[in-house]
Amino acid sequence: MKLLIRIRNLSFSYGGSPGFSAPPVLDGVSFGLHAGERLAVLGANGSGKSTLLGCISGLLAPQGGGGEPPVLFYGREGRALCPDNGADLERIRRLIAVVLQNPDDQIIGSSAAEDAAFGPENLGLHGAELGERVRRALEKCGLKKLQGRSSRVLSGGEKQRLALAGALAMDPSILVLDEAASMLDRRGREDFLALLDILSAEGKTIIQVTHSLEEALRCGRCLVLYRGRLVFDGGPAELLEKPELEDWGFILPGPLRAVRLLAGRFPGFSAAGLGPEETADRLTAWLKRNPPEDPAPGEAASSESGGAGGDENSAAAPVKAAVSFINVSHRYAGPGPAAGISGVNLNIRRGSGEIIALVGQNGSGKSTILRHINALLLPTEGRVLVFGKDTLSRKTSLASLRMNASLSVQNPESALFEPYVADDVAFGPKNGGLAGQDLIRRVRDAMEQAGLPFDEFADRETRTLSGGEKRRAAIAGSAAMESDLLLLDEPLAALDGFHQAKILALIRNLRRAGKTVVVSTHSMETAALADQVAVMAGGTLAAFGPPREIFGPRWDERWGLMLPWTAAAARRLAGAGFASPFSVPLNAEELLNCIGAEGPRRREVQNPRGGSSWSGETPPETEGGFPPPGPRRPRRKTGLEFFRRLPPDFFADPSSPVLRNMGSGLKLLLFFLVAALALAGPQPFSPLGALILTLAAGRIAAGIGPLRLLRGFVFLGPWMLILGMLQLAYAGPPFDFLRPLSLLCRAAALMALVSFFSAALPLGEFLRTVNRGLAFLGRFGFPARDLSLTAGITFRFIPILAEEAGRIAEAQLSRGGKKGRLSIAFSLVIPLFLRALERAGTLGKAMLLRGYGQRPAKRA
């Protein structure tokens, strides 16, 4: 096979402080990649996987090589290409396409088709060839029917497939995926991996970075990095036999462990793969040839006991509730499809020491449920009671409620807002009044339990953490609050096996301490460890009960989920007559015990209210049912309303003939003319005229109302007024009151103009226009491409900034932060600045990887 990449003695270290040499992140890594290979790169969090990808893609300057380049590519013509050479780097980026872990970091276009076209356009494609390339990529990724849909309203799985389509549209020789399936639900993940199977079978060369040994089994070759060194290079079967697996941070996946136990129990049995139905079919054939003996008394019954916490919870005497949802509905604002919840009735017991698992497909409403419990969202219909306090009541202190029901959000990079790890973990306890040595002990304990040794991580900058380390820091920050109710949104995503076990141990410790933990998860195996399982489907609570009931008699394929591996295998074996039809094994040992056993018959669980959304307990305040919602009360605020006002491009009318027929160059020219009028014209009439002109154009040309164009000014206006008054006071008498008025008009005009312009000119169109406009300057040595990239990042960053501010404010409020507008504004300054730099870097990286700023390839 043709050699595509040769890596020899590659090392890399990030810059250390003066007088201190940073330890190497990569140390002497060597391997080669050949055409058609599917290579899995595995390793624990912080092992150097992302750094390796950075060196391969040219985003980082590799070190080492022993006098020769440590990284060499071999292009389609066979010539060696070195990333250190600028011209070679452009050719390399035509050979390789990268799909990042978070699709929001790399989706550029306003629609699916526009985003898929972004990379090929940067490479010089246009017309029919571009259209065909985009059509094929979208069709291959199952997005053909969604090509005109706004990228903002796509589900998580659709966004990840769109990111892959954008990479495939560039027709790369090598496709690189950085934990690209880690945030998908199990069915979405299976669909995504099946698509990679097809691409691999078609001959595409794939590098797949993953923590999952199950994903690695689908690859032909595996590399394992451990503390920056390459410790394994071989096939997946050979890897699974390595005794050092646990030392490298791996834990055998449940399916593999089950298959090994079956092989030990039934000599001569072997599984060709890890699918539960396939394994059950092969075991059925073996059992027909070798009928099993009846299990010893008591063995079969072991799988009929309750779930992780036992069925006794659903039969317990009524107690006060920690959480009650009473006919709760919530719909997010904005046009188009919007995820939410509808008619949810849910009751979680207080002081029960239980683990509640929330399961469901992407967009089913799991995160919405958690945010209602933490009062980051308020119901649009119905009531939510947390420890007896109605979240809609103005008598309820939301800050106190959040201190007793802390939330760790799904995206860890949004949850960390302090510069240093220990300070971030301490944020919640400090809001609760903890200080001194008690605070240090609380922070130390939480960090140690989350797998972040205090002495090593306390003074680490949060921005330098790996993705897995950020997630553990976010969980530590919530656990340190020692709330009676802990809410964890996808806590195990993107963690290696060792640290998944750490977080699960932390959750079990909290349950033993009498705390209630609500965990949203895509993993049915994780849900099987819980005491109760809540199933969300299409925004409704489809079922609630012990795992053995949910994964047994009440299982419904319409939920769009997949059974735990052992339960799916047992169901298949039961169909062949080799397991009890009433057995619901939740682990490998229980699966062994139920094979060949009839077991006692289980009673069918009847819902006491005739519907599947009842929790099985009598709710508070009444013995006969949920209390009526009562009359609607005045709406109260969560502290996040400003950040939830949708940007103007959500409301722009793309079919407007004015916007459709006006060229991008003319739009850009008009923008600069109106901006010049607002900045340089006679005051205050020119800024006021520019403001009126912009608001009128927004309404007439795009159908965007004035309030939406001025949403940013609502927040900045008071500050501009204060600045104007200070300017007035400094100038002294005679007072010129036109000066602060002019300042306000200028700020409002510019804010409205930028909002209208970002809605009227899609990002891809803007970037191409800037590129063309600056191209001629490059002939005179002007850094036109660098300026073009900077302009693109700046333009893309304007709508992102408000979104990031909202995420940081949400993370602060979820851990007891103050709600006032001024306190939020002041608390956002430093974290938003740091987050802005990080997002700008991520966005710039994504644009470079998709060919932005490159010279079009010469065409024959």
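Residues are numbered from 1 along each chain as its sequence is written, and side-chain values use heavy atoms, with hydrogens and water left out. Because the model is predicted, local features need pLDDT of at least 70 and side-chain atom pairs count only at pLDDT 80 or more, while totals for chains, interfaces and linings use all residues.

Take the sheet to begin with. It is open, with 6 strands in the order β7-β8-β9-β3-β10-β11 and mixed pairing. Strands (E, at least two residues) and helices (H or I, at least four) are DSSP runs numbered from the N terminus, and two strands pair if DSSP finds at least two bridges between them. β7 (96-99) and β11 (229-234) sit at the edges with a single partner strand each, so one side of each has no neighbour in the sheet. On average, neighbouring strands are turned by 15° against each other, direction ignored; axes here are lines fitted to C-alpha atoms, for helices over the stretch in contact, and angles run from 0 to 180 degrees between N-to-C directions.

Within the sheet, β3 (residues 38-43) and β10 (residues 221-226) run parallel and are joined by 5 bridges, and Leu42 stands opposite Val224 in β10. Helix α6 (residues 186-201) packs on the sheet, touching β3, β8 and β9 (205-209), and its direction makes about 150° with that of β9. Contact means heavy atoms within 4.5 Å. Helix α2 (residues 86-95) lies across β7 and β8 (174-178), at about 60° to β7.

Gly235 is found in the loop between β11 and α8 (236-240). Its C-alpha is 9.5 Å from that of Leu39, though the two are 196 residues apart in sequence. Beyond its neighbours within four places in sequence, Arg371 touches Leu376, Leu377, Leu407, Val409, Asp489 and Glu810.

The largest cavity is lined by 12 residues, with Leu416, Thr462, Arg463, Leu834 and Glu838 nearest its centre. Helix α32 (residues 821-849) gives the most to this lining, with 4 residues.

Notes:
1 Å grid on protein atoms, 1.4 Å probe; cavity = no way out; pocket = protein on both sides within 12 Å on 5 of 7 lines; lining within 4 Å.
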